[in-house]
Amino acid sequence: MWTPVSRGRWHGRALTVWATAAAHRGLLEPRRTPSRGAAAKSRTLDRLYSSADRKEKIDMSRFSVENTRNFSIIAHVDHGKSTLADRLLELTGTIDKTKNNKQVLDKLQVERERGITVKAQTASLFYNCDGKQYLLNLIDTPGHVDFSYEVSRSLSACQGVLLVVDANEGIQAQTVANFFLAFEAQLSVIPVINKIDLKNADPARVEKQIEKVFDIPSDECIKISAKLGTNIERVLQAVIERIPPPKVHRKNPLKALVFDSTFDQYRGVIANVALFDGVVSKGDKIISAYTKKTYEVNEVGVLNPNEQPTHKLYAGQVGYLIAGMKDVTEAQIGDTLYLHKQPVEPLPGFKSAKPMVFAGMYPIDQSEYNNLKSAVEKLTINDSSVTVHRDSSLALGAGWRLGFLGLLHMEVFNQRLEQEYNASVILTTPTVPYKAVLSSAKLIKEYREKEITIINPAQFPDKSKVTEYLEPVILGTIITPDEYTGKVMMLCQARRAVQKNMMYIDQNRVMLKYLFPLNEIVVDFYDSLKSLSSGYASFDYEDAGYQTAELVKMDILLNGNHVEELVTIVHNVKAYRKNVLAKCYGGDITRKMKLLKRQAEGKKKLRKIGNIEVPKDAFIKVLRTQPDK
Ligand SMILES: Nc1nc2c(ncn2[C@@H]2O[C@H](COP(=O)(O)OP(=O)(O)OP(=O)(O)O)[C@@H](O)[C@H]2O)c(=O)[nH]1
């Protein structure tokens, strides 16, 4: 697996191996008594050493605030953000152009396997233009709706964005959602029409869409092929010309925003920081505005795209900082770091992520509980949008109830646990967070609030205790070719959605807005939409609060006993038949079942539920029934 740490070590190892081989060939000798032939070889070695030295000694004060640009690449999924990032890294000499670079910033195994960006990544590019040396800090962001929280956090460190749109597909639902994130953050937006090399590319149509939907004049669009490297220089020019430098002051006391963080088992927390004011150096004593704890800075640097230590980081710059934070609770995303004895007003930070789906997570065997606990804690540092509550179940033992931003997010988290921490788990059927308004003062006292949120269906309160139930709703945006509009509308109606708006974004593409119960879209809505529109319709959504709902708790009895792990909340009995199958989480069951089989060897085979024994495997299979497709 590739991590910034392992890459850093690999560099070190490569250098050592090379130096040892060189010593064998006598190349180290000339350093003491250079002979002519050997001197040439030693220059190679010197270059190697000096480049390693240079890595230690980037003088970040060379990059004035006026010559600094912080920007993000945002787009609908698969429109080419990561490929454009590759070309920008190559053009600025950050990575070797002769290598076959593919999505270099997608570092996680899960990202490479699924071909999607999950985690935003930063890279500092050094670029010479008109005799000036610019520092361009680029943040590549995910495109899928489940990860839009990553996008909004990244934007807080930027003054502008490249809004990438596929020249064939045109504006899609996530293009709209991401544009508005940037627009609301008052960032400069540079529209980039990508994939102009495709046979069916129609950049002129996409320009018109951009003008109509975003009110950006078509002559501001830059037409590129990230794949072939066409017009990439123009993109860099536009970044310099159209995105303003950050508004910051180096002379003010340090004010650094922690906009992301990762956990490294050897070095602790590596915080990605954007400096709003001041300077930070190795050895500085800094304080976290959130915990008020003091730390000594061990290392600062830039990501290029690997970690490259520097002496200092200056206001307006984006980089990383390691300060001996070992405890997972110490690294709060959105925190402000300042210098000891120079307190500052903390930056506003971020709204916390709002989980959309909850599921129970349990170790396959209880003896693995502590290992899994530590893996979950470490992974939540890398992905702070996951919420964690302790939970326990009669059949599955001690575990957690985790909140995710969507089902893809849940799958990715599970896959990362397996791949990065070698942990395999049982995940129960996902549910959305329902609410109930309690009916009596006694109950309100007991629950300590009038309106309770239910993230575990087993704890769904009985109707006699409740004046009303509420379900979460979202405002969905669908963009579809108009020939599918009728079918899309029927699908939305079948999912209890209420139409809010409809607009043609060009002659044959329609943008629809619907209010949906979250429960109706969370599992298979996207798949149904894709299949009825031959893959052409796209979907994005935003939180729209709660609405009253007729909800029923559906119990499953086994030999007369309630099985709490199988409880489901359903909207009404008619929908229950269809929904209960659809809501069961399938995932990639073959791989998981194989793992389960391996893990289950020699472990307890039976689970006692009430008065009967159920084979553990059977129980897990029921929890993971495949969707009815
Ligand atoms: N023909 C063509 N294909 C391209 C171009 N740019 C990207 N692609 C392809 O489009 C696919 C998606 O590209 P990515 O760069 O992974 O897209 P992305 O927007 O980063 O995707 P997510 O991170 O999943 O949102 C890949 O197969 C690329 O090779 C282009 O200019 N022309």
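Reply: Strand β7 (residues 255–264) and strand β16 (residues 336–339) run antiparallel and are joined by two bridges. Strands here are DSSP runs of E with at least two residues, helices are runs of H or I with at least four residues, and both are numbered from the N terminus. Two strands count as paired if DSSP finds at least two bridges between them. Within this pair, Leu257 stands opposite Thr336 of β16.

The model is predicted, so to speak of local features a pLDDT of at least 70 is needed, side-chain atom pairs count only at pLDDT 80 or more, and totals for chains, interfaces and linings use all residues. Residues are numbered from 1 along each chain as its sequence is written.

Strand β16 also holds Tyr338. Tyr338 is buried, because 21 other C-beta atoms lie within 10 Å. The cut-offs are 20 or more other C-beta atoms within 10 Å for buried, 12 or fewer for exposed, and partly exposed in between, with C-beta atoms placed from the backbone. Leaving aside residues up to four places away in sequence, Tyr338 touches Pro253, Leu254, Lys255, Ile286, Ile287, Ala289, Pro343 and Val344. A contact requires that the C-beta atoms of two residues, placed from the backbone, lie within 7 Å. Tyr338 and Pro253 are 85 residues apart in sequence, and their C-alpha atoms are 7.4 Å apart in space.

The pair belongs to an open sheet of eight strands with antiparallel pairing, in the order β11-β10-β16-β7-β8-β15-β12-β13. At the edges stand β11 (294–296) and β13 (307–310); each has a single partner strand, so one side of each is left without a neighbour in the sheet. From one strand to the next the twist averages 40 degrees. Helix α9 (residues 369–382) lies across β7 and β8 (268–277), and its direction makes an angle of about 145 degrees with β7. Axes are lines fitted to C-alpha atoms, for helices over the stretch in contact, and angles between N-to-C directions run from 0 to 180 degrees.

Lys292 lies in the loop between β10 (285–288) and β11. Lys292 is not a glycine, yet has a positive phi of about 65 degrees. Most residues other than glycine have a negative phi. Lys292 counts as exposed because it has 7 C-beta neighbours inside 10 Å.

A second open sheet has four strands in the order β18-β19-β17-β20, again with antiparallel pairing. Its edge strands are β18 (387–393) and β20 (425–427), each with a single partner strand, so one side of each is left without a neighbour in the sheet. The twist in this sheet averages 30 degrees from one strand to the next. Three bridges pair β17 (residues 357–363) with β20 in the antiparallel sense, and Tyr362 stands opposite Ile426 of β20.

For the protein as a whole, the secondary structure comes to 17 helices and 32 strands. Of its 629 residues, 42% count as buried. Among contacts between residues at least 6 apart in sequence, 72% join residues at least 24 apart.
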